[in-house]
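Open the structure in your viewer and follow along. Each stop tells you what to select and what is there.

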Amino acid sequence: MRHRLLAGLGLALACAHPAPADATSRFVQDPYPSTYRPLPAAPVLISHATVLDGTGRRLDDADVLLADGRVVAVGNALQAPADAVRVDGRGKWVTPGIIDVHSHLGVYPSPGVQAHGDGNEMTAPVTANVWAEHSVWPQDPGFAAALAGGVTAMQVLPGSANLVGGRGVTLKNLPATTYQAMKFPDAPWGLKMACGENPKRVYGGKGTAPATRMGNVAGYRAAFIDASEYIAKNSAAPVKRKRRFGGGDNGDSSGDSGGKRDLKLDTLAGAIQGDIRVHIHCYRADEMATMLDLAKEFGFKVAAFHHGVEAYKLADRLAAEGVCGALWADWWGFKMEAFDGIQENIALVDRPANSCAIVHSDSPEGIQRLNQEAAKVIASARRAGMGEIAPEHAIRWLTANAARALGIEQRTGTLEPGKMADVVVWSGNPFSSYALAEKVYVDGFQAYDRGNRAQQPLSDFMLGQEVRP
Amino acid sequence: MSASIVFLRRLALLAAALPSIACAQDVLVRNATVHTATARGTLTANDVLVQGGVIRAIGPALAAPAGVEVVDAGGRPLTPALFGGITDIGVEEVSGEAATVDSAVKLEDQPQRPEFDVTLAYNPDSVLVPVARVEGIGFTALGANSGGGFIAGQGGVLRLDGSTDPIGPRMLFVRMGAAGSELSGSSRAAQWMLLDQMVAEARGRIAADSPHALLTPAGRAVLARYLGGSGRIVVRVDRAADIRQLLRWAGREQVRVAIAGGAEAWRLAPQLAAAGVPVFVDALSNLPASFDQIGATLENAARLHATGVPVAFSQDGDASHNARKIRQLAGNAVAHGLPWDAALAGLTRVPAQAFGVADRIGSIAVGQQADLVLWEGDPLDVGHYAERMWLGGRAVPMRSRQTELRDRYLRGSATPPAYRR
């Protein structure tokens, strides 16, 4: 817990100043650092719009002022500098940039050819050593399509074939030639884990462990036992070795006693210490409960369960434990563990106090219209007699709550002054099939303009194709 | 036991077996915004009278015959029950569990089986049926998927009212292009080669006992029917070059084709319009997901329609469990230039016409089967939902396994969930 508190403090400081290198645990040092730089942009004043600021507020006929890559103010009759670009917001709605906590853009890019299958390191059930960012192809045309849907940041995760799939990376959705130039500065990594059918099918099918759900859990435990020992060995102050987990001087699973770095255990140790946020692909309520116990056993915190089609059966507990549910609006039935999906899942997970419901995509199509996924939830809740969920509340599912799960909530996800100017201007109420993102700003730079093709990014892959959509 | 008691018991059993659909087939829907999906367009403040399961009258302030239930629509939209797309509803329960999936045939010796008829596997008790139905979906085209051969087999139109058999003619499903090439010797060129050979067999130009025959006798007979112009051949194809070949082939062989997918169909819009080929568009497909879809665009439906191509919708992805998503396809097509009425037609009249059942379903007109949906708001907007529904004039209970699960967990109580119902 102490580690987590310190980690949170480090992050808060990082908002103002880059964290000094020596403050970073060796488990999460970054030899592949972000080179992302906001693009220069004139100040922007969006006026007379309906603003959902992501904190739960709705402001009608309001202005939004952006300058120097930051949100300066949201309110009525704001004064703008003389050089500000003025955007007539009448009839438009303005929201924070959309954040998707579950994407495989870049690691399973378009076109979906064999050579692009870089999302699942299906060679061992625990591959905490792999980093999704090393698979990201920045030319994936899906990034631009997501931008046209208002997505300004996303977490790109490894797939779910493995018990522990590896590190996920959070990107800013500004096109670049390298992934480092998209990497969200100082955002914590995610650790992708997976429950249930996928790992046991992949490895059981090869006649290796795990072949069952109990095999899955044994696999997580073995990995975290190794990681706990690794932490003990790598502590600054020598600690008395506890033999609680049965380890001896032979050291960790890779047999590297004596402090040699183990990439796999670095990642797991970072997760235990709270510097890497744990994101678990998990469908069934009973399995989510097992994973919460696992987290307690090894002292890590679950940032979010992803997919969680049965999260509604466990909504109170998720809220009580501060665990987010990153969910679909309507997917179900494609496999047995998805058989109990319901359309009110997100609304029910959202219902308790202190809940953290998130609309996620896991899809290059879905990421383009997370606002419509939320609209489905609003309609389903209305149909179920749960009352009318206000737009200013629902927007949090795809902005502030997503930022919270990714550990970037101090930086983006709302339109509070000082936050990154990640902003979407919509053609109308975003919770509709007809709503279109018209202008999308990333750190104040207009990265997308629906009315101007020159202001729409185009992947190198699409250049010079004889067929141009 | 007397015969009459046995009869009554049987009647009771029958009634118990059909709890989901009420018996009355008469209703008067008053004061609706009636989207007819016909040339009459939208009629505001109109009534629709249903008797005996059939639409008897449409007009303002109709008189209510005695004993007919009257439903006040309060101005809300009334549409024909929607088309759910080309799906596996009723022929699969859980996609990942092979034992529950019957949508494709894979026979090693003789993979091309046009005689395969997937509708024989249709299970009207599938949980997918009510899940789709409560969303206003009244019919689907059950499609055969390619398993062993790129000629996938036949499907048919199923109404989701509990009926056990398809209506209208069968369709033949074929897959062309990259997705079919692994079933045709690794080249899409071989699809035309093999297809030409099968046509020759079906037309009797190749002896039935030829050692190289691709089709069984039953397969020859079935393919011959489609070559005679009875029934649609639905071709799943995306690349413009493949669509061009398809149009040539269809013209040469005088067959009636429809296209499913058609990511690059907009490039051949004039030719498709001239040939009267309907296209079932996945209106959310805008990525170059494969080298067959480089030209994919959200404006596909709008461009096709503007050129006079009949546009319907169907999903490439999770078409069956999430058939309800088809409304989202239509709404997004509207957001990208398709007129609203054309989008609704793509969910109603156009598919009914393409599959030869428009004389019964797919529009609101006197004499049509009363398959109707009353919506809480705009039916093409995901922000609204189907409020009430009638199939053959019978009120459909707006319940499914999913609403039951919802209701169980919606109400908190000290009782374990297993005791709540």
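**Stop 1: a buried glycine**

Select Gly84(B): it counts as buried because 33 C-beta neighbours lie inside 10 Å. The cut-off for buried is 20 or more other C-beta atoms within 10 Å of a residue's own; exposed means 12 or fewer, partly exposed is in between, and C-beta atoms are placed from the backbone.

Before moving on, note the ground rules. This is a predicted model, where local features need pLDDT of at least 70, side-chain atom pairs count only at pLDDT 80 or more, and totals for chains, interfaces and linings use all residues. Residues are numbered from 1 along each chain as its sequence is written, while chains are lettered from A and ligands numbered from 1 in the order in which they are written.

Now colour strand β6 of chain B, residues 82–87; Gly84(B) sits in this strand. Strands are DSSP runs (E, at least two residues) and helices are too (H or I, at least four), numbered from the N terminus.

Which residues does Gly84(B) touch, leaving out those up to four places away in sequence? Show Ile89(B), Ala132(B), Ile137(B), Phe139(B), Thr140(B), Ala323(B) and Ile326(B). Contact means that C-beta atoms, placed from the backbone, lie within 7 Å. Next, pick Lys325(B). Lys325(B) is 241 residues from Gly84(B) in sequence, yet 8.6 Å away in space, C-alpha to C-alpha.

**Stop 2: confidence**

Colour chain B by pLDDT, the predictor's confidence in each residue, from 0 to 100. The average for chain B is 93, and 95% of its residues score at least 70. Select residues 1–20 of chain B: here the pLDDT is below 50, and the stretch has 4 contacts beyond near neighbours in sequence. Where pLDDT is low, the predicted coordinates should not be read in detail. For the model, ipTM is 0.93 and pTM is 0.93.

**Stop 3: where the chains meet**

Show both chains. Chain B gives 39 residues to the contact and chain A gives 38. On the chain B side, highlight α9 (326–335) and α12 (401–410), which each supply at least two residues.

**Stop 4: inside chain A**

Chain A has 11 helices and 16 strands. Of its 469 residues, 56% are buried.

Colour domain 1 (2–30 + 98–412) and domain 2 (32–96 + 416–456) of chain A. These bounds come from an automatic or database domain assignment. Where they touch, domain 1 contributes 34 residues and domain 2 contributes 29. Finish on α9(A): on the domain 1 side, α9(A) gives the largest share, 5 residues.

Definitions and conventions
Two residues are in contact if their C-beta atoms, placed from the backbone, lie within 7 Å.
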